[in-house]
Amino acid sequence: SIERTPEGDATVFRDSVVVTDEDTRITADLARMYEGKGQALISGAVHITNPDAEIWADSARYHLSDKMAELFGDVRVRQESLDIRAPKLFYQSREKSVRADSGVVLENVNRSFRLTGRKGTYDLDGDVGVVDSSPVLTWRRDKDSARVTSRQMLWYERTSRALAQGDVRLK
């Protein structure tokens, strides 16, 4: 159906919606397509899949021309052995990157490390994450654990190592 909204005329799709854009596939319960703006507002069990990652969110605004999604709610990005979570996340398909401006969590699937902070980015192609605001790395192995804080922390997923920079503290 077509709805007139304050944002403009929208084509509305309900129930088991599938949006495809090249190698990106988005499924959800509801989508409002704004042709004039080149945007789709998507809500209800949003699930995005492509060769780079699998993404879940409560809702999203997808910019078709920029291949960029603003994801809201309980956002989770899964890439092989890594989960990235945040209440709001920007996913740029062309650049193969995600950015969170608050409450970012990077955690491997076996839960042996967890890197948290206020702001961070992750390069899905290079498998490198950067938390540059209040980073805290918690590492666990068997009964041992460590906690590292610094001004900036980088996580290298391929080699499972972290690099802490500036005012580094180990607890």
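I began with the secondary structure of this predicted model and found 0 helices and 17 strands in the protein, taking helices (H or I, at least four residues) and strands (E, at least two) as DSSP runs numbered from the N terminus. I kept to residue numbers that run from 1 along each chain as its sequence is written, with local features needing pLDDT of at least 70, side-chain atom pairs counted only at pLDDT 80 or more, and totals for chains, interfaces and linings using all residues. Side-chain values use heavy atoms, with hydrogens and water left out.

Next I looked up the overall extent: the C-alpha atoms fill a box of roughly 55 × 25 × 25 Å along the principal axes. Of the 171 residues, 43% are buried (under 20% relative accessible area, 1.4 Å probe, protein chains only).

For contacts (heavy atoms within 4.5 Å), I noted that among those with a separation of 6 or more, 27% join residues 24 or more positions apart.

I then turned to cavities, each a set of points on a 1 Å grid over the protein atoms alone where a 1.4 Å probe fits but cannot get out, and found 1 cavity of 30 Å³ or more. The largest cavity holds about 40 Å³ of space, volume being the space filled by probe spheres set on the points, which are joined across faces, edges and corners.

Its lining (residues with an atom within 4 Å of a point) includes Ile-84, Leu-89, Arg-99, Gly-120 and Tyr-122. I saw that β7 (82-92), β8 (97-100), β9 (104-108) and β11 (119-123) each supply at least two residues of this lining.

Technical notes:
1 Å grid on protein atoms, 1.4 Å probe; cavity = no way out; pocket = protein on both sides within 12 Å on 5 of 7 lines; lining within 4 Å. Buried < 20%, exposed > 50% of the residue type's maximum accessible area, 1.4 Å probe, protein only.
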